Amino acid sequence: MCRIIIQQSLKKFGETNGITGDNSELFELYTLSLITKKLKLSFQDLEDSVTDGSLDGGVDSFVILINDNYVPDIYTAENHKYTNNTITKFIICQSKQESSFKESPIDKLIVTIAELFNLSNRREDMVDRFNCLLLDKVEIALKAFEQTILNGGKVEVDYYYATLAEDTNSLSA
């Protein structure tokens with residue numbers, strides 16, 4: 001029953017937003033829209049957040065927010081007026097059109113996040129391991145992270161793993 005409703009919702013979402021073809025892209029954007037629903041991000045912001053593809057390290061999308069405002073580029077992150085009330089938030093998503101939850105995507109994400117947020121790593125050292133879309137997001141995130149911490153603000157990181165699994169008892173290795 002749930003799967004039928006989800007399939008109908010996916011179809012409607014695709015039609016509304018002009019997405020044709022790749023069902024994994026549709027599922028990715030759909031789940032991201034649900035995760036960020038309260039933030040009222042534009043469809044363009046959602047598309048801009050996608051890092052999926054070859055060498056994505058298990059990160060299908062990466063949303064960067066400062067005080068609940070979407071941060072599309074390094075210029076925005078560099079020019080924000082950070083204070084001790086600033087809340088910078090990273091929303092990192094992995095979306096898989098699978099009928100069960102699997103541990104391997106979570107394991108991959110843990111390794112990736114540790115690598116990406118290791119401040120001693122340089123971008124040029126990671127280009128063989130991660131795609132440019134992801135590295136661009138990390139560059140923006142690190143700038144926002146640094147400025148938020150230096151000004152006494154707060155940083156939040158949310159991880160989401162979305163699948164078509166119908167219940168949490170379907171975890172498999």
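Which helices each supply at least two residues of the lining of the second largest pocket? They are α1 (2-17) and α2 (23-35), where helices (H or I, at least four residues) and strands (E, at least two) are DSSP runs numbered from the N terminus.

Before the rest, a word on the source. This is a predicted model, in which local features need pLDDT of at least 70 and side-chain atom pairs count only at pLDDT 80 or more, while totals for chains, interfaces and linings use all residues. Residues are numbered from 1 along each chain as its sequence is written, and side-chain values use heavy atoms, with hydrogens and water left out.

**Pockets**

A pocket here is an open set of points on a 1 Å grid over the protein atoms alone, where a 1.4 Å probe fits, with protein on both sides within 12 Å along at least five of seven lines; lining residues have an atom within 4 Å of a point. Grid points are joined across faces, edges and corners, and a volume is the space filled by probe spheres set on the points.

The second largest pocket has about 160 Å³ of volume. Its lining is made of Ile5, Ile6, Ser9, Phe27, Tyr30, Thr31, Leu34, Ile35, Ala162, Thr163, Leu164 and Ala165, and α2 gives the most, five residues. By class the lining has nine nonpolar, three polar and no charged residues; Ala, Val, Leu, Ile, Met, Phe, Trp, Tyr, Cys and Pro count as nonpolar, Asp, Glu, Lys and Arg as charged, and the others, Gly among them, as polar.

One of these lining residues, Phe27, sits in helix α2 and is buried at 3% relative accessibility (buried is under 20% relative accessible area, exposed over 50%, partly exposed in between, with a 1.4 Å probe and protein chains only). Leaving out residues up to four places away in sequence, Phe27 touches Leu10, Ser95, Lys96, Gln97, Ala162, Thr163 and Leu164 (contact means heavy atoms within 4.5 Å). Phe27 and Lys96 are 69 residues apart in sequence, yet their C-alpha atoms are 7.8 Å apart.

The largest pocket holds about 220 Å³ of space. Its lining includes Ile74, Leu116, Arg123, Met126, Val138 and Glu146. Both α6 (123-126) and α7 (132-150) supply at least two lining residues, with the largest share, six, from α7. Seven residues of this lining are nonpolar, one is polar and four are charged.

Beyond its neighbours within four places in sequence, Phe62 meets residues including Ser49, Phe90, Ile92, Leu134 and Ala141.

**Cysteines and a loop**

There are zero disulfides (pairs of cysteine sulfur atoms within 2.5 Å) in the structure. Cys93 is buried at 2% relative accessible area, whereas Cys132 is partly exposed at 49%. Asn85, in the loop between α4 (74-79) and β3, is exposed at 61%.

Best wishes
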